[in-house]
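Hi,

Here is the structure I promised to pass on.

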Amino acid sequence: FSQQGGESLDIGEFAKTLSSEREVIQSSVISVDDLKRKDLLGEGQFGEVWAVEATFGDQEVLRNAEFALKIQSKADMASMYDCSDNSPSETVRRECDIMSQLCHPFVVRHLHDFEDVDSFYMMMDLIRGEELWNVIHRETEDGIWISGIPEVNAKFYGLIVCDTLNFIHQKRICYRDLKPPNIMVNETGYPIMVDFGCAKQITADVTFTFCGTPEYTCPEMISNQGHGFAVDHWALGI
């Protein structure tokens, strides 16, 4: 792929660099208490996402480096998973495992994870920018909401998301929650896919779990016919 300015970067070398950095972080003696919380980036059903600073460790990568820390409440997750086959712990572990397989420039990178009595913690790359939803829907100075983006911008975002989905699907992973709030537009204008809580590695032709966001849910999932990777194409169209 080409970065801004036309400079090309080999995807294999990119993945190798990202994997190396993650190994340095995971091999360092660091705990969640060593991460200094700076800014609250967002709140959701299960918890919060903070911008944190790592100031612990001898490795240069951990000195004054900023990351995102996703904090999920075990109690809140347990209330939802009472009737589910997957426990909160299994769900978080699956998300971490899936993200660890996806070294890609337009997928948020999982770096480390922690757990204590009350919460699960996921340490990820910090993406400075805004949700694609906020790019599409804007409030004017007069307090009027307007929606829409130029066609050339829509093609740009659509192309990158579609190509990233292709990479994810080649790993036999179905994303299952594609929507503008789950796409971050970074400081240089590129869309980055985040939040893999609904993602699943599919070994059969179809799976039957009902998940995702209703407005973007495909007909076969609603009718419980079994779904595959096409659910992501449906959501992309929506």
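How many nonpolar, polar and charged residues does the lining of the largest pocket have? By class, that lining has 20 nonpolar, 14 polar and 14 charged residues, where Ala, Val, Leu, Ile, Met, Phe, Trp, Tyr, Cys and Pro count as nonpolar, Asp, Glu, Lys and Arg as charged, and the others, Gly among them, as polar.

Before you go further: this is a predicted model, in which local features need pLDDT of at least 70 and side-chain atom pairs count only at pLDDT 80 or more, while totals for chains, interfaces and linings use all residues. Residues are numbered from 1 along each chain as its sequence is written, and side-chain values use heavy atoms, with hydrogens and water left out.

**The pocket**

The largest pocket holds about 1400 Å³ of space. It has 48 lining residues, and the closest to the pocket centre are Lys-70, Asp-177, Asn-182, Asp-195 and Gly-197. Elements that give two or more residues to this lining include strand S1 (35-43), strand S2 (47-54), strand S3 (65-73), helix H2 (74-80) and helix H3 (88-100). Strand S5 (119-125) and strand S6 (129-131) are also among them.

On the terms: the search runs on a 1 Å grid over the protein atoms alone; a cavity is a set of points where a 1.4 Å probe fits but cannot get out, a pocket is an open set with protein on both sides within 12 Å along at least five of seven lines, and lining residues have an atom within 4 Å of a point. Grid points are joined across faces, edges and corners, and a volume is the space filled by probe spheres set on the points. Helices (H or I, at least four residues) and strands (E, at least two) are DSSP runs, numbered from the N terminus.

**The cavity**

There is 1 cavity of 30 Å³ or more, and the largest cavity has a volume of about 90 Å³. Its lining has 13 residues, with Arg-176, Asp-177, Tyr-216, Thr-217 and Ala-235 nearest the centre. H7 gives the largest share of the cavity lining, 3 residues.

**The two sheets**

Strands count as paired if DSSP finds at least two bridges between them. S1 and S2 are joined by 7 bridges, and Gly-42 has Val-49 in S2 as its bridge partner. Contact here means heavy atoms within 4.5 Å; axes are lines fitted to C-alpha atoms, for helices over the stretch in contact, and angles run from 0 to 180 degrees between N-to-C directions.

The other open sheet has 3 strands in the order S6-S10-S11, again antiparallel. S6 and strand S11 (191-193) are at the edges with a single partner strand each, so one side of each has no neighbour in the sheet. There are 3 bridges between S6 and strand S10 (residues 183-186), with Gly-129 opposite Asn-186. Another 3 bridges join S10 to S11, where Ile-183 faces Met-193. The hairpin of S10 and S11 has 4 residues between the strands, and Gly-189 takes a positive phi near 95° there.

**Helix H5**

H5 lies across S10 and S11, at about 30° to S11. The axes of helix H5 (residues 151-170) and helix H7 (residues 230-237) come within 11 Å and cross at roughly 170°. That makes the two helices roughly antiparallel (angles over 145 degrees). Val-161, Cys-162, Leu-165 and His-169 of H5 meet Asp-232, His-233 and Leu-236 of H7.

Cheers

Definitions and conventions: Parallel < 35°, antiparallel > 145°, perpendicular 65-115°, else oblique.
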